[in-house]
Every structure is written in C-alpha cells, then in structure tokens.
Amino acid sequence: MDPTTDNAGPSGDPGTTRDALEALRAEIAKAVVGQDPAVTGLVVALLCRGHVLLEGVPGVAKTLLVRALASALELDTKRVQFTPDLMPSDVTGSLVYDTRSAEFSFQPGPVFTNLLLADEINRTPPKTQSSLLEAMEERQVTVDGTPRPLPDPFLVAATQNPVEYEGTYPLPEAQLDRFLLKLTIPLPSRQDEIDVLTRHAEGFNPRDLKAAGVRPVAGPADLEAARAAVAKTTISPEITAYVVDICRATRESPSLTLGVSPRGSTALLATARAWAWLTGRDYVIPDDVKALALPTLRHRVQLRPEAEMEGVTADSVINAILAHVPVPR
C-alpha cells in the first residue's frame with residue numbers, strides 16, 4: 001500500500017491520514033501523561049466502529065483521556081454519570097409533551113453524540129445498562145417504536161472501578177461482549193506522576209483543554225478515509241486460522257468456564273487489521289494478533305472460581321494460550 005495514495009488525507013493535505021491519526025498521541029499528551037496504549041486502543045476502536053471499556057482506579061485521567069481525544073478529533077462528546085437512580089430515558093431520550101403544539105416531540109438524550117463517556121457504568125442497574133445495547137450494536141435508538149439513527153462516528157467509552165464493588169451491578173456477559181476492547185488504565189510511573197504534578201503547579205486546568213494547547217489534528221473525514229484504508233488490509237488464510245485457534249483454545253481451557261465466542265474472534269481479526277494499518281503495513285502478521293489479543297479478549301472470558309482463588313487472571317490464561325498455539329510462518 002502506497003501511503004501517498006491509499007492513505008492520503010481527504011482534504012488533499014500532503015500529510016497522510018495515518019500521520020493525522022498518529023499525531024493524536026502527541027496532541028493528547030498535552031493533557032494526559034503516559035497513557036499511549038489507551039490512546040492507541042481508542043483509535044483502534046474508532047477505526048473498527050467498536051466500543052471501549054476503560055478500567056482503572058479513580059484519578060488516573062480516564063475522563064480527561066476521552067475528552068482530549070474528542071477535542072483532538074473534532075468530535076462531539078457528552079458525559080453521563082451512571083448512578084443507581086438513572087433511568088433508561090435519561091440516556092436515550094424520551095417523548096416530551098409540548099403544550100404549545102399539543103403534540104409529543106422527541107427530546108434526544110446524551111447518547112446522540114459522537115463519543116459518549118459512560119462514567120462508572122457498573123453503578124447503574126441492569127435495566128439502564130441495557131438501554132445502551134441497541135445503541136452500541138445497531139447504532140440507533142428506538143423510542144415509541146420509531147428507530148432514530150445515531151451520529152457517525154459513534155463510540156461508547158465506559159469506565160468502571162476495578163476495586164470497589166459495593167453498590168455496583170456487574171455488567172452481564174452479553175453486554176461485555178458488545179465492547180470491542182477492555183483497556184486497563186494503570187497508575188502512572190514515578191516520573192509520569194512528577195510530570196503531572198509539575199503541569200498542575202504551572203497552572204494546567206484539566207477542564208480547559210484549549211488552554212492546555214489541545215487542538216484538532218484530524219476529523220471525521222480522516223477517520224472515514226482511514227476506515228476505508230483498513231478495509232483494504234490483507235488477511236491471509238493462515239492468519240484467520242491462527243485467530244480461530246486462539247479463540248477455540250479459550251473454550252477448552254480448564255481455567256475458564258466461558259471462552260471467546262465467534263463475535264470475539266471476529267473482533268480480534270478486526271483489531272489486528274486496524275493495528276497492522278496503524279503500524280504502516282497493508283497486511284496482517286501474527287504479531288498484530290498477539291498485540292491486540294489481551295484488550296480484545298480479556299473481558300470475553302470467565303474464570304472458574306477455583307482458578308480465581310489460586311490467583312489466575314484472564315490475562316495470564318490468554319498469555320498462556322498465546323504461548324502454546326502454533327504461530328503461522
């Protein structure tokens with residue numbers, strides 16, 4: 001693939017679409033320190049039209065990361081704080097009676113945006129959690145029997161706290177499977193934390209991204225061109241079989257009660273393809289599959305209670321599978 005042709009920006013600029021998306025890292029780094037893997041994961045999700053579950057303790061810049069991405073991509077974003085009393089209509093919207101016209105009109109909810117931040121999604125009951133299922137899968141919301149399409153691009157970035165379970169409602173497997181990636185947001189390294197404090201001492205305000213210098217470096221047109229380029233990335237039969245073998249191995253693992261479904265294998269193939277294109281290739285290699293296996297599969301498997309008590313994690317099981325499944329040459 002010639003980067004000056006297939007990947008040329010839609011506006012005709014000399015820079016390529018890939019360069020524009022790569023520039024996101026530098027732009028977001030003006031606001032968020034040391035979260036490159038999460039930034040890359042969000043870009044991969046946008047390229048694959050998928051959704052992301054962000055898991056990390058409070059205070060590691062999950063919300064700021066999503067806001068900075070929206071600013072750098074010139075996308076509309078809305079935030080919903082999920083609470084026990086949140087109703088489905090608070091997310092999707094509802095019919096409102098207009099006294100002047102004596103008719104009901106639809107009032108769109110916050111889901112009608114490009115990038116929806118569902119903060120602490122596991123704090124709301126299943127009824128409200130499920131209100132996002134249609135939006136995530138069908139890219140539409142049905143109210144009073146009328147389907148209403150959502151904007152494109154559309155991405156749900158949901159956050160949850162991995163250590164506090166009191167008063168939470170764990171996401172059911174069916175909804176977890178709708179998330180393309182589960183990204184873990186770690187605590188910063190010592191140097192990164194020093195850099196964060198230094199920025200704050202110099203007057204950085206996380207609520208004012210413009211003052212921090214975050215500017216749009218790409219837009220929806222670039223994203224659409226990138227998706228078209230990703231769709232041309234070649235996948236050999238051997239790579240397809242490799243993905244299937246990895247996913248089938250999770251179904252046979254003695255440490256798991258639930259393995260990866262065919263939706264998961266399709267997701268792994270899609271994310272590996274997007275990663276291959278982002279790294280400058282027009283074909284997928286086994287390393288692309290390995291690079292995206294953990295974030296794509298970790299939330300699609302379920303540990304046996306006895307394995308969990310022994311300290312086994314989903315990541316360790318998947319890593320063991322990657323070490324044993326034969327790699328195509």
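**Inside and outside: a residue tour**

At 0% relative accessibility, threonine 271 counts as buried, because the cut-off for buried is under 20% relative accessible area. Keep in mind that this is a predicted model.

Where is threonine 271? The residue lies in helix H11, which covers residues 262-278.

What does threonine 271 touch, if we leave out residues up to four places away in sequence? The list is Val44, Cys48, Leu180, Leu181, Leu292 and Thr296. One of these, threonine 296, also has a polar contact with threonine 271: their side chains are joined at 3.2 Å.

Next, the nonpolar cores. How many residues does the largest nonpolar core have? It has 71 residues. Leu21, Ile28, Leu47 and Val289 are the ones with the most contacts inside that core. Another core lies apart from it, with 23 residues, including Phe82, Ala118, Leu150 and Leu176.

Back to valine 289 for a moment. Again not counting residues up to four places away in sequence, valine 289 touches Ile239, Tyr242, Val243, Ile246, Leu268, Ala272 and Val284.

Now the surface. Is phenylalanine 104 buried or exposed? Phenylalanine 104 has a relative accessible area of 59%, so it counts as exposed, the cut-off for exposed being over 50%. This residue sits in strand S4, residues 103-108. Together with Leu95 and Tyr97, Phe104 forms a nonpolar patch on the surface. The accessible area of the three together is about 320 Å².

To recap: threonine 271 is buried, and phenylalanine 104 is exposed. That is my part done.

Terms used. Residues numbered from 1 in each chain as written. Predicted model: local features only at pLDDT ≥ 70, side-chain atom pairs only at ≥ 80, totals over all residues. Heavy atoms only, no water. Patch = residues over 30% accessible without salt bridge, like charges linked within 9 Å, V, L, I, M, F, W, Y side chains within 5 Å. Areas by Shrake-Rupley, 256 points an atom, 1.4 Å probe, with all protein chains shown as cover. Salt bridge = Lys/Arg side-chain N within 4 Å of Asp/Glu carboxyl O. Helix = DSSP H or I, 4+ residues; strand = E, 2+ residues; numbered from the N terminus. Buried < 20%, exposed > 50% of the residue type's maximum accessible area, 1.4 Å probe, protein only. Polar contact = N/O pair within 3.5 Å; in protein donor to acceptor, adjacent residues only side chain to side chain. Contact = heavy atoms within 4.5 Å. Core = buried A, V, L, I, M, F, W, Y, C linked by side-chain atoms within 4.5 Å.
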